[in-house]
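The sequence and structure come next.

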Amino acid sequence: MAPATESNAPMSPLIAVRCDVDDSLARRVYPEPLHAYRSPFARDAARILHARAFRRLAGKTQVFTQLRGAPPADHFRSRLTHTLEVAQISRTLALALGLNAELTEALALAHDIGHPPFGHAGEKALDQALRAHGLSFDHNLHALRIVTWFEERYPAFRGLNLTLGLREGIVKHSRDYSAKAHPELAEFFLGQFPPLEAQLIDLADEIAYLAADLDDGLDSGVLELDEVREAVPLFRGFHDAALVQYPAAAPRLAAYDALRRIMDALVTDLQNEIRSRVSKLGATTLEDIRNAPERLAALSPEMESARAAAKSFLYARLYSSPEMEEAHAHAHRVVTELFGVLIAEPERMPADHQAQIPTEGLARTVADYIAGMTDSYIESLWERVHQSR
């Protein structure tokens with residue numbers, strides 16, 4: 001067996017979030033009897049899986065489900081399939097690092113549950129619409145509203161009654177919030193970083209969509225193989241290796257193999273960098289992670305540079321491509337126009353949403369309604385509104 005090194009030495013088990021039901025992170029707002037054979041975090045994961053908001057991710061855009069004007073295609077990633085890919089990467093990392101894999105998987109399953117229809121274009125349009133009313137849209141905070149209020153599955157309480165650890169991770173996995181700006185989030189340790197189980201979700205998300213968007217971009221024809229090789233050195237190096245090992249492989253299979261190698265390299269680098277940063281800090285407990293000078297989940301400088309270069313290429317050639325700009329403009333129009341109609345005519349919303357207006361305000365209620373829609377539902381509603389006016 002190879003001697004332990006900085007990159008493969010085991011981390012202190014006290015860094016992981018405990019499975020102890022008496023731990024504060026395992027507690028729920030409404031006390032419940034313990035399950036005979038499932039941990040609190042395993043139960044959280046199941047509650048997310050069975051939530052209506054989770055199922056609706058199948059109908060929400062990741063980058064594109066099909067290009068406007070193109071024949072339908074059913075193999076591009078949806079927000080749901082992307083989430084499942086993030087969950088697989090996250091659980092793998094947690095197990096390799098000796099972290100709480102059940103909490104990590106639950107967080108990965110929940111990490112995109114607050115996204116509105118039409119991907120980031122829909123989120124941007126909804127945020128702009130709300131800002132005219134002095135509000136804003138944040139998909140992390142909307143996810144918290146979903147799991148604490150909008151999901152109704154239990155007669156004993158509203159929401160999913162998730163553990164404190166899962167709710168903290170939903171809020172903080174990708175960014176930090178100040179106590180001054182968000183006093184309503186005081187219970188989530190805003191002066192501290194989240195556990196590594198939550199921190200690694202954001203990087204697993206980056207890894208999943210980098211490889212997936214290159215894959216979908218190539219499959220869609222928006223990206224050409226030669227330009228990806230030219231602009232993305234990370235891809236070119238692994239693609240060359242695939243061509244050497246499999247000289248007779250079909251071009252698409254060689255590309256798939258390169259993308260597989262990219263994911264493996266990124267996940268391995270992230271694992272090694274987390275171990276290295278924890279070792280350099282001398283962290284041995286969860287409190288050390290929470291009070292570190294910076295988040296400890298990160299890629300190495302070299303791999304981060306390669307990832308950033310690939311992401312810049314995707315922004316220039318995929319996310320901002322003429323094909324995608326047309327889709328973004330359509331998304332902006334649909335969300336903006338429907339938001340305006342519902343502000344003027346709130347009676348068009350279902351009764352349960354109308355009932356929220358006195359406490360949540362009209363603009364927030366309209367945003368909540370729109371955010372819960374799938375792409376097909378908002379398109380259908382928008383068309384019906386146009387036909388009726």
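Glu 168 pairs with Lys 172 in a salt bridge, with the closest N and O atoms 2.9 Å apart. A salt bridge here is a side-chain nitrogen of Lys or Arg within 4 Å of a carboxyl oxygen of Asp or Glu. Both residues belong to helix α7 (residues 164–172) and are 4 residues apart, about one turn of the helix. Helices are DSSP runs (H or I, at least four residues), numbered from the N terminus.

Glu 168 is buried, with a relative accessible area of 1%, and Lys 172 is also buried, at 1% relative accessibility. Buried means under 20% relative accessible area, exposed over 50%, and partly exposed in between (1.4 Å probe, protein chains only).

## Basis of the values

The model is predicted: local features need pLDDT of at least 70, side-chain atom pairs count only at pLDDT 80 or more, and totals for chains, interfaces and linings use all residues. Residues are numbered from 1 along each chain as its sequence is written, and side-chain values use heavy atoms, leaving out hydrogens and water.

## Other salt bridges

Across the whole structure, the search finds 31 salt bridges. One of them joins Glu 337 to Arg 333, with the closest N and O atoms 3.0 Å apart. Both lie in helix α14 (residues 322–344), 4 residues apart, about one turn of the helix. Glu 337 is partly exposed, with a relative accessible area of 29%; Arg 333 is partly exposed at 43%.

The side chains of Glu 32 and Arg 43 form another salt bridge (3.6 Å, N to O). This pair links distant parts of the chain, 11 residues apart: Glu 32 is in the segment before α1 (40–49), and Arg 43 is in helix α1. Glu 32 is partly exposed, with a relative accessible area of 23%, whereas Arg 43 is buried at 13%. The two residues belong to a network of salt bridges that links Arg 28, Glu 32, Arg 43, Asp 44 and Arg 47.

## Contact of α6 with α17

The axes of helix α6 (residues 139–150) and helix α17 (residues 362–371) come within 12 Å and cross at roughly 90°. The two helices are therefore roughly perpendicular, a term for angles of 65 to 115 degrees.

On the α6 side, His 142, Arg 145 and Phe 150 meet Arg 364, Asp 368 and Ala 371 of α17; contact means heavy atoms within 4.5 Å. These contact residues divide into 2 nonpolar, 1 polar and 3 charged. Ala, Val, Leu, Ile, Met, Phe, Trp, Tyr, Cys and Pro count as nonpolar, Asp, Glu, Lys and Arg as charged, and the others, Gly among them, as polar.

Methods: Axes are lines fitted to C-alpha atoms, for helices over the stretch in contact, and angles run from 0 to 180 degrees between N-to-C directions. Angles under 35 degrees count as roughly parallel, over 145 as roughly antiparallel, 65 to 115 as roughly perpendicular and the rest as oblique.
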